[in-house]
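Subject: Handover of a structure and notes on its contents

Dear colleague,

Please find below the structure that I am handing over to you. My notes on what was found follow it.

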Amino acid sequence: MQNGSASAVTVVIATRDRPGQLEEAALAALRQDHPGPLELLVVFDQVPVRELDLGDLPAGRSLRLMANKRTPGLPGGRNTGIGAATGEYIAFCDDDDSWLPGKVTAQLSLLADHPGSFASGTGVEVRSPGGSTVRLVPFEPVELRHLLRDRVFELHPSSVLVRRDRLVAEAGLVDEEIPGGYAEDYDLALRIARIAPIPCVPEPLTIVNWGGSFFAHRFPMIADALEYLLAKHPEFTGEPAGLARVQGQIAFYRAASGSFRAALGWARRALRGNWREPRAYLALLLTTRLVGAERVLRVLNARGRGV
């Protein structure tokens, strides 16, 4: 058995409550084959704390239910869980996602093989109304330069496991100032990768369900969050294609919210940095009003992709 494989792990699920899906996510966490102790913290954000019907807990497992005591929103909920955690490692999971049984064990084993790193991810299976798509991490390990060029979707918040002491002392807590809490996971991954590479298990051990996101159709807020992200991470200026990618996203979401003049400005910036940036062209398409953002997103989501 690899060193650290029996370490104590805390799983944090921050939720606004999705009955049924929340229970499924909780049970998948509690049924991990991890040989060490595992506690599950379910943090209810802006909704009443309620009991979960999970039956008898497996040996070595514990459950705590609590209210978000920090800034309302997903970052505050996750930080409430981090502050209450007792495990050496923390793993996050969204309340509508789930894990395969070997996820935690595989990640701890991988981190034992990468002693300088303190966070890991997994491949994911994206399930949407259009079907399912397996996505494996294209880089091994994931470095800051990769994250600047590409979002690396597989480093989804539901796939990440991180050593708690280094998270708090070196990378810092989840950013509670980012508008709407959007892309807080990407921001955290960037901050972790500044410190050490992020190895990822080359198997789809995390199930990501698309179709009911809290962020769906909140287009102005998403654009605000992405602008905040660019201002916070000046490293993007050293990766023109990565900068153009985010600028293209901003252009798309500005166009989706009807701010066509702002969208045109962001699309021009993106194309100056990378004339092949597809998000800029999607934004320009939206400004013609010949197609709506919802239709574009449906097509992309059906392919396991986003903007």
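Does glutamate 51 count as buried or exposed? The model is a predicted one, and in it glutamate 51 has a relative accessibility of 65%, so this residue counts as exposed. Glutamate 51 belongs to the loop between strand E2 (38-44) and strand E3 (61-67). Its C-alpha is 7.6 Å from that of leucine 65, and the two residues are 14 apart in sequence.

Salt bridges

The whole structure contains 23 salt bridges. One of them joins the side chains of glutamate 39 and arginine 64, at 3.0 Å from N to O. This pair links distant parts of the chain, since glutamate 39 is in strand E2 and arginine 64 in strand E3, 25 residues apart. Glutamate 39 is buried, with a relative accessible area of 8%, whereas arginine 64 is partly exposed at 33%.

A further salt bridge is formed by arginine 254 and aspartate 224, with an N to O distance of 2.6 Å. Here too distant parts of the chain are linked: arginine 254 lies in helix H8 and aspartate 224 in helix H7, 30 residues apart. Arginine 254 counts as buried at 12% relative accessibility, and aspartate 224 as partly exposed at 36%.

Arginine 127 and glutamate 125 also meet through their side chains, at 3.2 Å from N to O. Arginine 127 is partly exposed, at 38% relative accessibility, while glutamate 125 is buried, at 17%.

Aromatic rings

The count of aromatic pairs is four. Among them is the pair of tyrosine 186 and phenylalanine 236. Why is this pair edge-to-face? The ring centres are 6.4 Å apart and the planes stand at 70°; planes over 60 degrees apart count as edge-to-face, so the pair of tyrosine 186 and phenylalanine 236 is assigned to that class. Tyrosine 186 lies in helix H6 (184-195) and phenylalanine 236 in the loop between helix H7 (219-232) and helix H8 (240-256), so the pair ties together parts that are 50 residues apart in sequence. Tyrosine 186 counts as buried at 3% relative accessibility, and phenylalanine 236 is buried at 1%.

Phenylalanine 252 and tyrosine 253 form another edge-to-face pair, with ring centres 5.2 Å apart and planes at 90°. Phenylalanine 252 is buried, with a relative accessible area of 0%, and tyrosine 253 counts as buried at 7%.

The charged end of lysine 103 sits over the ring of tryptophan 99, 4.1 Å from its centre, and arginine 269 lies over the face of tryptophan 266, 3.9 Å from the ring centre.

Backbone features

The peptide bond from glutamate 140 to proline 141 is cis, with omega near -10°. Proline 141 is placed in the loop between strand E7 (131-135) and helix H4 (144-149).

Valine 152, a residue other than glycine, has a positive phi near 50°. Valine 152 is in the loop between H4 and strand E8 (161-163) and is buried, at 0% relative accessible area. Alanine 183 likewise has a positive phi, near 65°. Alanine 183 lies in the loop between helix H5 (164-171) and H6, and is buried at 9%.

With kind regards

Key. Residues are numbered from 1 along each chain as its sequence is written. This is a predicted model: local features need pLDDT of at least 70, side-chain atom pairs count only at pLDDT 80 or more; totals for chains, interfaces and linings use all residues. Side-chain values use heavy atoms; hydrogens and water are left out. Rings of Phe, Tyr and Trp (its six-membered ring) pair if their centres lie within 6.5 Å; planes under 30 degrees apart count as stacked, over 60 as edge-to-face and the rest as tilted. Helices (H or I, at least four residues) and strands (E, at least two) are DSSP runs, numbered from the N terminus. Buried means under 20% relative accessible area, exposed over 50%, partly exposed in between (1.4 Å probe, protein chains only). A charge sits over a ring if NZ of Lys or CZ of Arg is within 6 Å of the ring centre and within 35 degrees of the ring normal. A salt bridge is a side-chain nitrogen of Lys or Arg within 4 Å of a carboxyl oxygen of Asp or Glu.
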